[in-house]
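Trainee: Please take me closely through one part of this model: how its elements pack against one another. I'd like the whole story in one go.

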Amino acid sequence: MNGRGDSEIPEEYADPAEDARRARWAALATGAVLTLAGMAASALRFTGSGPALVPAAYATGAAVCALASVLGSRGRTRRALWLLIVGVMVMALGDQFD
């Protein structure tokens with residue numbers, strides 16, 4: 001503070017509601033993109049000659065990312081972030097079985 005009552009908070013951090021709204025949209029969009037990618041990978045791997053565990057892992061990871069997208073849209077962005085990480089890890093683990 002400089003004694004005049006001016007705040008030292010930068011302009012982009014002045015509205016926490018806007019930050020929360022942006023985080024909800026980011027969680028929703030990221031979850032939707034990862035869900036679509038996981039389902040597409042699951043469909044492609046299902047038609048291949050690999051083990052059945054691979055498309056199941058992709059589909060499970062996509063379902064977890066879809067749940068994260070729903071939680072993110074409802075304001076549970078911290079849980080959504082962790083679920084997105086878990087969903088991607090499940091998909092990556094399924095890719096290791098191929």
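## Helix packing, pair by pair

Mentor: Let's start with α1 and α3, which are roughly parallel to each other (angles under 35 degrees; over 145 is roughly antiparallel, 65 to 115 roughly perpendicular, the rest oblique). Bear in mind that this is a predicted model, where local features need pLDDT of at least 70 and side-chain atom pairs pLDDT 80 or more, while totals for chains, interfaces and linings use all residues. Numbering starts from 1 along each chain as its sequence is written, and side-chain values use heavy atoms, without hydrogens or water.

Back to that pair: helix α1 spans residues 16-46 and helix α3 residues 77-96, and their axes come within 10 Å, crossing at roughly 20° (axes are fitted to C-alpha atoms over the stretch in contact, with angles from 0 to 180 degrees between N-to-C directions). The crossing of α1 and α3 is left-handed (near helix turned anticlockwise from the far one by less than a right angle). On the α1 side the contact is made by Ala 23, Arg 24, Ala 27, Thr 30, Gly 31, Leu 34, Gly 38 and Arg 45 (contact: heavy atoms within 4.5 Å). Facing them from α3 are Thr 77, Ala 80, Leu 84, Val 88, Met 91 and Asp 95. Sorted by type, the residues of this α1-α3 contact come out as 7 nonpolar, 4 polar and 3 charged (nonpolar: Ala, Val, Leu, Ile, Met, Phe, Trp, Tyr, Cys, Pro; charged: Asp, Glu, Lys, Arg; polar: the others, Gly among them).

Now bring in helix α2, residues 53-73. The axes of α1 and α2 come within 7 Å and cross at roughly 165°, so these two helices are roughly antiparallel. The α1-α2 crossing is left-handed too. Its contact residues divide into 14 nonpolar, 7 polar and 2 charged.

Thr 35 counts as buried because its relative accessibility is 15% (buried is under 20%, exposed over 50%, partly exposed in between, with a 1.4 Å probe and protein chains only). Beyond its neighbours within four places in sequence, Thr 35 touches Ala 62, Cys 65 and Ala 66.

That leaves α2 with α3, whose axes come within 8 Å and cross at roughly 170°. That makes this pair roughly antiparallel. Among the contact residues here are Val 54, Tyr 58, Ala 62, Cys 65, Leu 67 and Leu 71 of α2, plus Ala 80, Leu 83, Leu 84, Val 88 and Met 91 of α3. By type, the α2-α3 contact has 16 nonpolar, 6 polar and 2 charged residues.

Leu 67 belongs to α2 and is partly exposed, at a relative accessible area of 45%. Leu 67 and Leu 83 are 16 residues apart in sequence, yet 7.7 Å apart in space, C-alpha to C-alpha.

Stepping back, the chain has 3 helices and 0 strands (DSSP runs numbered from the N terminus: helices H or I, at least four residues; strands E, at least two). Of its 98 residues, 22% count as buried. Residues 24 or more positions apart supply 62% of the contacts with a separation of 6 or more. As for confidence, the mean pLDDT (the predictor's confidence in each residue, from 0 to 100) is 87 for the chain, with 86% of residues at 70 or more.
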